[in-house]
Number of protein chains: 2
Amino acid sequence: MGVGPDFLGSAQARADQAVTPDPEAVLSARTQAHDFRVCEVPLRALSRWRLGDDLAHETRRFFTIEGLLVETNFGTTPRWTQPIIMQPEIGMLGFVAKRLGGVLHLLAQAKMEPGNHVTVQVTPTVQATPSNYLRVHGGRATPYLEYFLPGPARGRVLVDQLQSEQGSRYYRKRNRNMIVELPEDREVELGDDFAWLTLAQIRTLLATGNRVNMNARTVLGCIAFGPAETRPSDPGPFREAVLASHLADAKAEVDEASTWLADVKTEVHLDARPIPLGKLERWIVDDESLRHESGRFFRVIGVEVQAGSREVVTWTQPMVAPVHQGQVLLLCQRREGLLRFLLQARVEPGFIDRVELAPTVQVAPGNIVRKSDLPPLAEYLSAPEAWVRLHAPQSEDGGRFYHADTDHLIVELPEDEQVELPPGFHGRWLTLAAIKRLMASGYYVDVEARSLVSCLG
Amino acid sequence: MGVGPDFLGSAQARADQAVTPDPEAVLSARTQAHDFRVCEVPLRALSRWRLGDDLAHETRRFFTIEGLLVETNFGTTPRWTQPIIMQPEIGMLGFVAKRLGGVLHLLAQAKMEPGNHVTVQVTPTVQATPSNYLRVHGGRATPYLEYFLPGPARGRVLVDQLQSEQGSRYYRKRNRNMIVELPEDREVELGDDFAWLTLAQIRTLLATGNRVNMNARTVLGCIAFGPAETRPSDPGPFREAVLASHLADAKAEVDEASTWLADVKTEVHLDARPIPLGKLERWIVDDESLRHESGRFFRVIGVEVQAGSREVVTWTQPMVAPVHQGQVLLLCQRREGLLRFLLQARVEPGFIDRVELAPTVQVAPGNIVRKSDLPPLAEYLSAPEAWVRLHAPQSEDGGRFYHADTDHLIVELPEDEQVELPPGFHGRWLTLAAIKRLMASGYYVDVEARSLVSCLG
């Protein structure tokens, strides 16, 4: 009765409490069990996709690539056009959770995604769109889906948040981030590609990098620790500080941050309108690819995938391929007795409500021509090794992005390091508790920040 | 130290505690002090407005009227086009609050709005858009604005919520709803059109109808009572039940309702795209007006306003004129020991996130051709008099809507009345506490529901 989910207990679980002894071995085994080949092809080679005012599948199911005209008073570029992904459906990203041996475990899938460098990674138990799972189209049913949908099979809802995806690549895309807990006595059949993991195990995979896919990271980022059932055993000074920041009483901080964020939203002008691809300015649109005439930013390319063990399945689809690797940095520092993280209010044209909280720095340095155009605080991307608490590459959504790894950095500044927030940089130092509470309202914390926060585990 | 705002004390204040003895007299005096003339003119008579792909002011400041193409799987009409108001700016709607004689009062303005039948009504202390108050254009400064803006003059923030406006008339329009409290010892100069009112006085004006404008109602609707400082003195059984519902512990109820609402959002498909006015289907667009060929729904017309006491100011502007009067109904009933209100999840093309909670019934019956097309539960619009707790006309925003009064009805069902929720009606019974908590997240409760809730005071 009334026993909480105890995410914290799972995050602090010892190795001998985990039912899957070696998660890396699970990923390797699944990599060997399947065979994948992914190669870039011209857009004209895409089967049943048509390039016109937009790039769309004949059936107009799935996503489309359209043009977007953006006008804003935020940042240094007042007007631009760009291709953007339109996908109005709300995808379901969900982990099944269950206590095993008294410790909460999440049911992870080891899944191949064609865009990723490391193709097999931990994904949520379910990642599917309603058109996948609601339509009858002769395909296999999505396993474990019934635990998330309304009805008697639904588990106890521990997390349920609608969140944005990359606002610079998707136009108002949302995902539903869920964790549902099944009772201990509910038998769950374990599919070949599935394994139960503790949050402690997942945190280790996150520290390695390229082991936990973007969809999993956004769900994990939404987890908020409740009052502790178990106390951690000597987790080291940084983790101790993270935990204290996570468990802080953040009510006043959240109210003040909401008002500050509303101030920024009120000052910002943003007009972002879909336009035909033919009206893109300085973008080359042909049956090879969509690409910027400067060669920078990203390309929209075709990809051919061959996958299968016994029978081979082949498909083609468009993907977004960044030209340069991105970097995201979260600065933190002990301030007023608690570890606080520096987020910035950032405008992206595809955000639901114009402004969300983003990492301290979010940049693809290769896109920057002059060093003076680097964003504020970019100098901390090369912080001294002793300050670095996490440094790992993480993949973007491997179903839409091709070879898109983003370098994740968490840097803890010494207490005597003075950080000057430059004019025009809308930054704020927040406890992890405040970040989680703002996140729970939906559309407050962007996917890059949620991904970094997930690594704090 | 730590004394709360005590909205509840203000809502339960006696007449002799109020510093303005007769609010009706204030409104009458202001009506007599000014002289207004408002008349409908053809669109071609609008000075400096141009009709083309959109209807816009030459300067492209202010709002525009554009076309919208809507496709959805929600409701009975899968595809339609309509004109819609575009106004990307976030308007500031704010009340200054202050304790006077120990009771919290709000600083109301008695203000003329050209679209309203009853032109002078109570409005917030400030209602302004950033382009009003940020640009220097030789006009008068907005009085009291400094108490809302970031800076040392800002009052203590009691309410600060971004909320939607009519999603069927505005495309993704938002307002910022604020109440800021000034310290008791802060001197505030009282302008001619301003008066301090208690929430009890405002509730009386709301019960009369057409005394409190839409912008004021949406701010008032956001007020949540904290733990009671004062206890009400025998307020009658309905108000006692409303209060208990407002002060209920709603944590679990809110979590369940959020998941239910996410279920609805996930099922719904909505694509709403701006189109040129020339592409509207079944709408007549000429230099007289925009109007539907059936004569139903609404018209976009021109309005000429002459206002002034000593010197006369004249201006022209477009307005939206509904053809038929709207009705909104909120059913409530004692269920599981608490008064609960029946809201429905409703899709409107201009909502920020597709779906919001709306009144039980929201309809302009004149637009309905066949009686069988009336929405579910419309029969309660003619509920027995003994069940009616509020019945009053309230104006829509008199700056955009012309002669748009909406009939507000709150009906309390006897406990033994069985209400069947028909299939396709996404209804849910919620305590007032749950409604207020959902509202606080922003974009969860639509403006019609907030307006009804404001009348519960």
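Reader: How many residue pairs are in polar contact between chain B and chain A?
Author: This is a predicted model, where local features need pLDDT of at least 70, side-chain atom pairs count only at pLDDT 80 or more, and totals for chains, interfaces and linings use all residues; side-chain values use heavy atoms, with hydrogens and water left out. A polar contact is a pair of N or O atoms within 3.5 Å; within protein, one must be able to donate a hydrogen and the other to accept it, and residues adjacent in sequence count only if both atoms are side-chain atoms. With both residues at pLDDT 80 or more, the count between chain B and chain A is 20 residue pairs.

Reader: Which element of chain B supplies the largest share of the side that touches chain A?
Author: Helices (H or I, at least four residues) and strands (E, at least two) are DSSP runs, numbered from the N terminus. On chain B, α3 (130-134), β10 (156-164), β11 (174-182), α7 (251-267) and β13 (270-275) each supply at least two residues. The largest share is five residues, and it comes from α7(B).

Reader: How many charged residues are on the side of chain B that touches chain A?
Author: Asp, Glu, Lys and Arg count as charged; Ala, Val, Leu, Ile, Met, Phe, Trp, Tyr, Cys and Pro as nonpolar; the others, Gly among them, as polar. This side has 12 nonpolar and four polar residues. Its charged residues number 12.

Reader: Which residues of chain B lose the most area to chain A?
Author: Contact means heavy atoms within 4.5 Å, and buried area is the accessible area (1.4 Å probe) that two parts lose on being put together, summed over both. The contact takes 28 residues from chain B and 29 from chain A. The chains bury about 2600 Å² between them, 45% of it on carbon and sulfur atoms. Together giving 19% of what the chain B side buries, the residues are Thr259(B), Thr266(B) and Arg354(B).

Reader: What is the partner of Arg273(B) in a salt bridge?
Author: A salt bridge is a side-chain nitrogen of Lys or Arg within 4 Å of a carboxyl oxygen of Asp or Glu. Eight salt bridges are counted between chain B and chain A. In the one formed by Arg273(B), the closest N and O atoms are 2.9 Å apart, and the partner is Glu66(A).

Reader: Is Arg44(B) buried or exposed?
Author: Buried means under 20% relative accessible area, exposed over 50%, partly exposed in between (1.4 Å probe, protein chains only). Asp287(B), at 40%, is partly exposed. Arg44(B) has 52% relative accessibility, so this residue counts as exposed.

Reader: Which residues do salt bridges that share partners join into one network?
Author: The network draws on chain A and chain B. Its members are Arg154(A), Asp160(A), Arg176(A) and Asp263(B).

Reader: What is the relative accessible area of His105(B)?
Author: His105(B) is placed in strand β7 (residues 103-112) of chain B. Beyond its neighbours within four places in sequence, His105(B) contacts residues including Gln17(B), Val96(B), Trp196(B) and Thr198(B). A polar atom of its side chain lies 2.8 Å from the backbone oxygen of Val103(B). His105(B) is buried, with a relative accessible area of 0%.

Reader: To which residue's backbone nitrogen does the side chain of Gln201(A) reach?
Author: Gln201(A) lies in helix α4 (residues 199-208) of chain A. At 11% relative accessibility, Gln201(A) counts as buried. At 3.0 Å, its side chain reaches the backbone nitrogen of Thr198(A).

Conventions
Residues are numbered from 1 along each chain as its sequence is written. Chains are lettered from A and ligands numbered from 1 in the order in which they are written.
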